[in-house]
Amino acid sequence: MQNLKGKKVVVIGGTSGIGLAVVNAAAQMGAIVFAAGRSQKNIDKARTSCSYSVEFRTADTHDVDSLVKLFEEVGEIDHLVSAATGAERTIAPFMQQSAEQFSAAFEKFWGYTHVVRNGEPYVKENGSITLISGTPARKYKSGSSSLSCTGGAVEAFVKALAIEIAPKRINAVSPGLIDTAMWDGFGDNKQQQLADMTANIPLGRAGLPEEVANGVIFAMTTNYATGTTIDVEGGMLIS
Ligand SMILES: NC(=O)c1ccc[n+]([C@@H]2O[C@H](COP(=O)([O-])OP(=O)(O)OC[C@H]3O[C@@H](n4cnc5c(N)ncnc54)[C@H](OP(=O)(O)O)[C@@H]3O)[C@@H](O)[C@H]2O)c1
């Protein structure tokens with residue numbers, strides 16, 4: 001297992017939720033961490049909540065110039081992570097979605113491809129890239145086709161890329177339902193909704209971003225893991 005002490009870690013989408021938990025975990029392990037997101041508001045909130053020394057930057061997975069600027073500034077990278085949401089998803093049966101609604105979900109995937117295309121040249125030969133997919137990639141439910149197809153694309157992408165970029169490594173981490181700002185749209189009802197949505201999975205609760213960050217740290221530091229997906233989902237896949 002690699003030690004993260006002194007390693008340079010870049011987390012796109014590192015200002016909230018799973019990405020921010022990865023930022024904290026890597027910083028706690030002694031890494032030099034750059035965390036990026038689009039909004040100054042999230043950067044300010046993350047900076048306030050963060051008890052480690054972290055470099056926060058503005059970058060958007062859909063704005064290639066902002067990614068190029070970030071990677072030029074950072075230089076050589078040991079571990080690159082993209083945990084950006086980067087898309088508007090419509091939860092509805094495929095036949096009730098417009099073509100625009102369905103394809104909008106893929107903006108997350110296109111964003112990840114921009115991160116990899118522009119960031120991979122900076123990743124060291126013994127370094128890694130980790131992308132976040134999601135349980136719907138392999139757990140199918142009515143209304144979730146756009147999530148399933150986007151997550152499936154992310155997981156297929158890491159397998160295809162693992163062959164092309166070796167000895168650099170690339171993996172996916174696939175979270176189940178995790179209590180993050182992604183669900184803030186539920187408003188005051190958020191905790192009840194998350195509890196209801198996870199009541200029937202083996203662990204019977206939503207996950208914590210820190211629990212998914214463990215999976216990302218495993219992907220970063222396990223030198224023999226590439227082209228694989230690490231599931232952190234409370235047993236959702238077998239429920
Ligand atoms: N939470 C879950 O239940 C769950 C389940 C399965 C999969 N996932 C996946 O896990 C990943 C992280 O989600 P999360 O739950 O941690 O969400 P979150 O708490 O909302 O965090 C999303 C992060 O991504 C940043 N971001 C969004 N769009 C971006 C873009 N275009 N470019 C750069 N940064 C961007 C956000 O900051 P700004 O908005 O300021 O840019 C924020 O830092 C996502 O890929 C999500 O699809 C989450």
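This is a predicted model: local features need pLDDT of at least 70, side-chain atom pairs count only at pLDDT 80 or more; totals for chains, interfaces and linings use all residues.
I began with the sheet, in which seven strands run in the order 3-2-1-4-5-6-7, the sheet being open and the pairing parallel. Strands here are DSSP runs of E with at least two residues and helices are runs of H or I with at least four, numbered from the N terminus, and two strands pair if DSSP finds at least two bridges between them. The edges are strand 3 (54-58) and strand 7 (229-232), each of which pairs on one side only.

Residues are numbered from 1 along each chain as its sequence is written, and side-chain values use heavy atoms, with hydrogens and water left out.

Next I looked at one pairing, where strand 2 (residues 32-37) and strand 3 run parallel and are joined by five bridges; within it, A35 stands opposite F56 of strand 3.

Helix 6 (residues 145-165) lies across strand 5 (123-132), strand 6 (169-175) and strand 7, at about 165 degrees to strand 6. Helix 8 (residues 209-221) packs on the sheet and touches strand 1 (8-12), strand 4 (77-82), strand 5, strand 6 and strand 7, its direction making about 165 degrees with that of strand 6.

In the loop between helix 6 and strand 6 I found P167, which is joined to A166 by a cis peptide bond with omega of about 15 degrees.

Last, I listed what surrounds the ligand: 31 residues, of which T15, S16, R38, S39 and T180 are the closest, a residue being near if one of its heavy atoms lies within 4 Å. A polar side-chain atom of S39 lies 2.7 Å from a ligand oxygen atom, and a backbone N or O atom of I178 lies 2.8 Å from an oxygen atom of the ligand.

Key
A polar contact is a pair of N or O atoms within 3.5 Å; within protein, one must be able to donate a hydrogen and the other to accept it, and residues adjacent in sequence count only if both atoms are side-chain atoms. Contact means heavy atoms within 4.5 Å. Axes are lines fitted to C-alpha atoms, for helices over the stretch in contact, and angles run from 0 to 180 degrees between N-to-C directions.
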